[in-house]
Structure formats: C-alpha cells, structure tokens
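Biologist: I would like to go through the labels used for this model one by one. Please set each value against its definition.

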Amino acid sequence: MGIFQIIILCLVAALIIWLLVSNIRIVPQARAYVVERLGAYYGTWQVGLHFKVPLIDKIARKVSLKEKVIDFPPQPVITKDNVTMRIDSVVFAKVFDPKLYTYGVEDPIFGLQNLSATTLRNIIGDMELDQTLTSRDEINGRLQTILDEATDAWGLKVTRVELKNITPPKEIEDVMTTQMRAERERRQTVLEAQAHQESVVSRAEGDKKAKILAAEAEKEAQIALAEGRAKSIELVYQAEAEGLKMLNEASPNGNVLKLK
C-alpha cells in the first residue's frame, strides 16, 4: 500500500470520526429537542446524550420546558356600560408537549397574545365598570381557564394569569378620585362624631360615678354617726346599770338609799 493510499485512509477515518463527534448532542436540563428524519417528525429528545444520523436527521427546534412569564402590552377593552379602558396582563405558561409546540401553530407566543387579547375583550364586555374594577380574581380565573383549554393543541399549559393594571379613562379617574376623597372626608367626620360622643358619654359616666361615690360616702358617714350615738347611749345605760348592780351588791342601809 502506497503512502498516498495511507493518507487517503487517514483522511477518510478522520472524516468519519469528525462526523460521529459532530453529531453527538447533549440535551441539557429543562430542554427538549424536536428531531426530524428526512423532513418528517422522528422524535423528541429529552435530557441526556443523543446521536444524530448525519445528513438524515435534523434538529427542527430546541424547546425550553421552563415556565415562561409573558408580559403582554395594554389592550383596549370596552365594558358593558360602554366605558373604554386599557388592561395589561401577565400570562404564566410552560410547554408540556414539544411536538405540538413545534407543529401546532406557527408562533405559539404570538398566538397566545392575540388569543389573550380577544378573550379579555369578551370577558370585560360582559361586565360593567364597577364590577370590572372589583373582580380581578374572577377575571383572572376565567381568562386562565379559557386560555388553557385553547392552547392545549399548541402544547402549552397556562398555569396562571394576572391583570397588572386596569386604566380607566381620565374623566372616570377624576370622578373616582372625587368619590374617594368624599368617602375619606365622610369617614373622618364619622370618626370625629364618634370620638365626641364617646367623650360626652365618658364625662357623664364620670359625673355619675362621682355623685354615686359622694352619696355612698355621705350614707356611710350618717351610718357611722348613728352607730356612734347608739354606742354612746348604750354605754351610758350600761354604766348606770353597773352602778345600780354594785350598789345592790353593797347592801346599803336605809339612810344611804334615802341619800342616793
């Protein structure tokens, strides 16, 4: 075998090794590769080491399986009572089927954005302004349910939907500001009236307790005075009785008794 043939064999061997090494693929964590063979879907590679057949297999799409946070711009919507406002929302979604995500729709995120906008308009269109401003949880729940069902064919799972801001027209904001200011003033007036009432009641109760205490003190003083007088009289009569008893025990004669 000549040197030229050896060189050819070495080049062929090097080319084969290069083809083998260059077609080794490692799929990282939270990723999936959609593989096509001869232009048709062949399979989905999950985390780990894989080998792609040269010139036959093709990685059609590398899909992230992490949850996506999609912030959509404000959308103009009209309420049931014909008030136009702007609402911007945040959608949390993740891919559960890389194949459907690749082949279900041309641009899944763009499709989700448009679907979110139209669904939001339909939901808000059935609500009045006041209900819209106080029913965020209800709107979030309805929007998530509808989006989750509609995106199943795209391989997407909508896990959560949040309305970031609800911006009514300027004139509506002015009216709401006036109402809030009036409500705060009303609450302040009520609190001041309640405080004044409590002060008056407390003062009256204090006067009442003071009079009761004074009456009780006067009563106790009168009782003590009466008890003192009764005790004094009792002691006088007791002394006289003791004197007569001692006199009787002494057996005095007639002249002494006459003198007594």
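Modeller: Two strands pair if DSSP finds at least two bridges between them. Strands (E, at least two residues) and helices (H or I, at least four) are DSSP runs, numbered from the N terminus. This is a predicted model, in which local features need pLDDT of at least 70 and side-chain atom pairs count only at pLDDT 80 or more, while totals for chains, interfaces and linings use all residues. Residues are numbered from 1 along each chain as its sequence is written, and side-chain values use heavy atoms, with hydrogens and water left out.

Biologist: How do you know that S2 and S5 pair?

Modeller: Strand S2 (residues 31-37) and S5 share seven bridges in the antiparallel sense, against a requirement of at least two. Glu 36 stands opposite Lys 58 in S5.

Biologist: What makes S3 and S5 edge strands?

Modeller: The open, antiparallel sheet runs in the order S3-S2-S5. Strand S3 (40-45) and strand S5 (57-64) each have a single partner strand, so one side of each lacks a neighbour in the sheet.

Biologist: Why are H3 and H5 called oblique to each other?

Modeller: Their axes, lines fitted to C-alpha atoms over the stretch in contact, with angles from 0 to 180 degrees between N-to-C directions, cross at roughly 135° and come within 10 Å. Under 35 degrees counts as roughly parallel, over 145 as roughly antiparallel, 65 to 115 as roughly perpendicular and the rest as oblique. H3 and H5 are therefore oblique.
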